Amino acid sequence: AVKLEQVEGDYAVVGRLSLVANGQNSQRLSFQRFVLGALLDDVLVAASQRLRRMSKGRYMLERVREQGDQRVHGGLDLQVDDAYTGKVRPVSSLSGGESFLAALSLALGLAEVVEAYAGGVRLDTIFIDEGFGSLDPEALDLAVNTLVDLQSTGRLVGVISHVPELKERIDVRLELSSNRGSSSAAFVLP
């Protein structure tokens with residue numbers, strides 16, 4: 001009987017730990033989401049530095065700390081701190097151009113954090129596929145300046161776009177053209 005009580009006591013501790021680790025707790029946050037959230041916080045610090053520059057001090061990204069809907073698991077949702085309004089709002093409320101800048105900032109922040117965590121591994125190439133068409137001229141200029149700065153650190157930055165203004169800003173390009181029945185590619189050098 002004493003042995004049975006000891007086993008039941010041990011099981012209760014392990015069982016409770018299992019429940020908490022699997023998200024059956026007051027915050028509905030699993031251990032996996034907790035760890036991912038800690039990593040995401042690091043990405044958001046790096047991403048917010050870039051987004052703040054690209055939005056001229058207006059936006060910062062942060063993780064939602066309070067769980068709204070208790071029926072779903074939380075811990076990884078994002079929101080934007082808008083310095084102009086002084087309020088925090090969902091990232092879904094950003095315009096198309098603002099969303100692009102936020103996504104670009106997140107990609108660059110993720111690359112930075114992966115490099116830091118990987119112990120010397122360097123990500124030398126990044127490709128950005130579209131989104132530039134949703135930017136107004138000023139935001140386009142800020143985004144391109146960010147990519148030029150990134151390129152100046154020795155990285156290869158590939159941009160896939162149809163926006164004519166980018167042709168003026170990017171010296172070395174691979175231009176693709178197509179017409180009925182054929183297509184061609186040509187490198188353009190300065």
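1. Buried means under 20% relative accessible area, exposed over 50%, and partly exposed in between, with a 1.4 Å probe and protein chains only. On that scale Glu 175 is partly exposed, at 27% relative accessibility. Glu 175 also pairs with Arg 173 in a salt bridge (a side-chain nitrogen of Lys or Arg within 4 Å of a carboxyl oxygen of Asp or Glu). The closest N and O atoms are 2.7 Å apart.

2. The model is predicted: local features need pLDDT of at least 70, side-chain atom pairs count only at pLDDT 80 or more, and totals for chains, interfaces and linings use all residues. Residues are numbered from 1 along each chain as its sequence is written, and side-chain values use heavy atoms, without hydrogens and water.

3. The salt bridges number eight. One of them joins Glu 138 to Lys 56, with 1.9 Å between the closest N and O atoms. Glu 138 sits in helix α4 (residues 137-152) and Lys 56 in the loop between α2 and β1 (59-63), so the pair ties together parts 82 residues apart in sequence. Helices (H or I, at least four residues) and strands (E, at least two) are DSSP runs, numbered from the N terminus. Glu 138 is partly exposed at 43%; Lys 56 is partly exposed at 49%.

4. Arg 155 and Glu 115 form a salt bridge at 2.4 Å, N to O. Arg 155 is in the loop between α4 and β5 (156-160) and Glu 115 in helix α3, so this pair links parts 40 residues apart in sequence. Both residues are buried.

5. Arg 58, Asp 82 and Arg 89 are linked in a network of salt bridges.

6. The largest pocket holds about 860 Å³ of space. Its lining has 25 residues; the closest to the centre are Val 159, Ile 170, Val 172, Arg 173 and Leu 174. A pocket here is an open set of points on a 1 Å grid over the protein atoms alone, where a 1.4 Å probe fits, with protein on both sides within 12 Å along at least five of seven lines; lining residues have an atom within 4 Å of a point. Strand β5 gives the largest share of the lining, five residues. The lining divides into 16 nonpolar, four polar and five charged residues.

7. Phe 31, Phe 34, Val 35, Leu 36, Leu 39 and Tyr 117 make a nonpolar surface patch of about 580 Å². Patch residues have over 30% relative accessible area and no salt bridge, and nonpolar side chains are joined within 5 Å. Helix α2 (residues 31-54) supplies the largest share, five residues. Tyr 117 is in helix α3 (residues 96-117).

How values were computed. Patches are made of residues with over 30% relative accessible area and no salt bridge: like charges are joined within 9 Å, nonpolar side chains (Val, Leu, Ile, Met, Phe, Trp, Tyr) within 5 Å. Accessible areas come from the Shrake-Rupley method with a 1.4 Å probe; for residues, only the protein chains shown count as cover. Grid points are joined across faces, edges and corners, and a volume is the space filled by probe spheres set on the points. Ala, Val, Leu, Ile, Met, Phe, Trp, Tyr, Cys and Pro count as nonpolar, Asp, Glu, Lys and Arg as charged, and the others, Gly among them, as polar.
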